Amino acid sequence: MPALLTVDKLRSGYGPIDVLHDISMTVDAGEIVAMIGANGAGKTTTLMTIAGIVKARAGTITFDGQNLSGAPAHKIVRLGMGQSPEGRKIFPRLTVLENLEMGAFTRTDKPGIADDLEKMFAMFPILRERKGQAGGLLSGGQQQMLAIARALMSRPKLLLLDEPSLGLAPQIVVQIFDVIRDLNKSGMSVLLVEQNARMALRIAHRAYVLETGRVTFTDQASVVLNDPRIRAAYLGE
Amino acid sequence: MLLAVEPALWNSLTQYLINGLTFGALIALIALGYTMVYGIVELINFAHGDLFMLGSFASLSLLALLGFGGLGFTATMTDASSFVIAGVLIGCAILSVLFCAGLNFAVEYTVYRPLRNAPKLAPLVSAIGVSFIFMNAGLFWGGPQDVNFPDLISNDNLLGKDAAIRITYKDVLIIAVTVPLMLALTIFVKVTRLGKAMRATAQNPTAASLMGIDTNFVISATFVIGGALAGAASLIYAVSMNTISYQMGFQNGLYAFTAAVLGGIGRIPGAVLGGLIIGLVRSFGSAFVGEMWVNALVFGILIIILIFRPTGLLGTPVREKV
């Protein structure tokens with residue numbers, strides 16, 4: 001069976017600078033794949049290029065059997081890719097409920113949307129309590145939950161998560177990683193970008209290590225977690 | 001003591017209020033175009049006032065074509081029946097709205113869109129350039145002097161010939177056009193799918209793309225709506241003032257831009273509030289301070305308000321937590 005997402009020799013960047021050099025990776029259906037690496041390694045650029053926000057300069061991205069070359073971001077969403085982006089990018093003056101509704105922008109099945117809203121509120125009860133409040137007034141952890149729930153509202157086949165643990169209290173991080181694990185158990189494929197390598201490698205099936213825009217190491221997550229070089233470089237040992 | 005004020009003064013005050021509100025509503029309609037565009041692409045579209053000016057020349061040309069005079073035409077329309085005039089006005093409204101909406105769309109598509117990812121100064125300077133191009137087009141179209149616009153609507157006082165307070169059909173027209181348009185826009189932005197997409201794009205374009213929103217389409221739609229409002233404003237301005245010129249876009253555009261900033265740029269209710277304040281300041285200012293000080297007064301008040309509320313009266317942005 002072909003992979004859900006196949007990235008082949010991807011090159012992209014900003015202005016005159018290439019950030020990614022020949023990145024290749026795959027995500028199979030039902031997998032959690034972690035991408036770890038230092039600040040500036042190109043993790044966010046990889047997600048943004050896959051999502052069509054940043055234009056690929058070379059290489060191919062194939063998602064669910066379709067070549068994404070040149071496709072604009074808003075069309076890629078419709079193919080079944082949802083993203084909780086770096087910095088969460090909540091709509092600050094829309095309410096929590098409106099933020100979630102924006103997540104379902106590509107959908108027209110009203111009963112299905114209402115169902116999924118209930119699911120999100122069950123998953124993150126705090127969002128139900130705050131549903132009338134402006135998104136910008138939520139705490140960082142609540143915004144992260146909102147960003148994930150908003151991405152899920154499009155019913156994606158593949159969920160891209162960019163640093164879901166950044167800046168959050170440890171118990172919130174645990175809560176969010178539990179949710180990611182549960183989502184995956186119910187069949188969601190996840191591409192997870194994290195600086196918190198230990199947490200990411202614990203829930204992931206496979207992992208890619210990025211250094212200055214190149215994949216320098218890839219294996220089963222448990223192997224990566226126990227590799228002495230990775231432990232020294234990313235796990236602070 | 002206000003209660004001790006004599007009736008004549010009350011009448012004058014009421015009159016200034018009416019004049020201020022009608023002019024303010026007109027300015028507000030133009031200000032909406034500035035504020036919506038700024039809200040979504042953070043561009044001060046300096047050409048917006050001149051777009052408004054070109055809209056009234058488009059109406060004037062249609063009138064000339066229909067035999068209602070044209071450049072140099074001065075007579076009052078007294079011989080045409082009110083049905084004919086209503087039909088002509090509707091024709092002018094359709095033309096000026098489509099003309100301004102189409103022109104604004106074209107400028108966004110050809111001038112601002114290629115500069116979408118350029119430094120902010122580049123589209124700003126381009127907007128000033130477009131403003132001058134429009135103004136020159138207006139100069140070519142109407143000539144350097146003030147041009148009479150056919151007086152299609154009666155100047156009779158609705159309250160009777162000898163009433164102390166004067167409300168004309170023109171005042172009624174301005175309110176009857178501006179208020180429903182502003183309400184419709186507010187509701188549109190609040191409840192429709194496109195309106196929600198506009199708000200989302202204004203607040204975070206990248207996130208909006210990630211929601212499946214075609215942000216280029218949303219930006220085009222914003223320019224089209226802002227242009228359409230300027231077109232509507234251009235016709236009621238010309239019909240009620242009866243004088244247009246290639247320079248009217250600069251002066252009124254500046255008022256409208258100021259109104260948008262005063263109310264909190266990017267905020268639709270802010271533009272309306274700002275427009276009304278400017279209209280009232282102008283009206284009461286020219287009565288009590290003097291015509292020649294009106295602009296100093298308007299901009300003086302702008303500066304004072306901005307010192308105390310730098311984001312404008314209704315501009316209290318919720319800061320995004322990072």
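Me: How many helices and strands are there in chain B, and what makes a stretch count as one?
Reply: Chain B has 11 helices and 2 strands. Helices (H or I, at least four residues) and strands (E, at least two) are DSSP runs, numbered from the N terminus. Along the sequence their order is α-α-α-α-β-α-α-α-α-β-α-α-α. Please keep in mind that this is a predicted model, in which local features need pLDDT of at least 70, side-chain atom pairs count only at pLDDT 80 or more, and totals for chains, interfaces and linings use all residues. Residues are numbered from 1 along each chain as its sequence is written, chains are lettered from A and ligands numbered from 1 in the order in which they are written, and side-chain values use heavy atoms, leaving out hydrogens and water.

Me: How do you know whether the radius of gyration of chain B agrees with a compact globule?
Reply: The radius is taken over C-alpha atoms, and the globule rule is 2.2 Å times the number of residues to the power 0.38. For 322 residues a compact globule would come out near 20 Å, and chain B has 20 Å, so the two agree. Along the principal axes, the C-alpha atoms of chain B fill a box of roughly 65 × 55 × 35 Å.

Me: Is G279(B) called buried or exposed, and why?
Reply: Buried means under 20% relative accessible area, exposed over 50%, and partly exposed in between (1.4 Å probe, protein chains only). G279(B) has 1% relative accessibility, so G279(B) counts as buried. Of the 322 residues of chain B, 48% are buried.

Me: What does G279(B) touch?
Reply: Contact means heavy atoms within 4.5 Å. Leaving aside residues up to four places away in sequence, G279(B) touches G20(B), F23(B) and G24(B). G279(B) itself is found in helix α10 (residues 268-288) of chain B. Its C-alpha atom is 8.6 Å from that of L26(B), 253 residues apart along the chain.

Me: Why is the pair E31(A) and R206(A) called a salt bridge?
Reply: The rule asks for a side-chain nitrogen of Lys or Arg within 4 Å of a carboxyl oxygen of Asp or Glu. In this pair the closest N and O atoms are 2.5 Å apart, so by that rule E31(A) and R206(A) form a salt bridge. The pair links distant parts of the chain, with E31(A) in the loop between β2 (17-27) and β3 (32-37) of chain A and R206(A) in strand β9 (residues 206-211) of chain A, 175 residues apart. Both E31(A) and R206(A) are buried.

Me: Which salt bridge joins E98(A) to chain B?
Reply: E98(A) forms a salt bridge with R199(B), with the closest N and O atoms 3.1 Å apart. The rule finds 2 salt bridges across the interface of chain B and chain A.

Me: How do you know how much area the two chains bury between them?
Reply: Buried area is the accessible area (1.4 Å probe) that two parts lose on being put together, summed over both. For chain B and chain A this is about 2,500 Å², 62% of it on carbon and sulfur atoms. In terms of contacts, 23 residues of chain B meet 29 residues of chain A.
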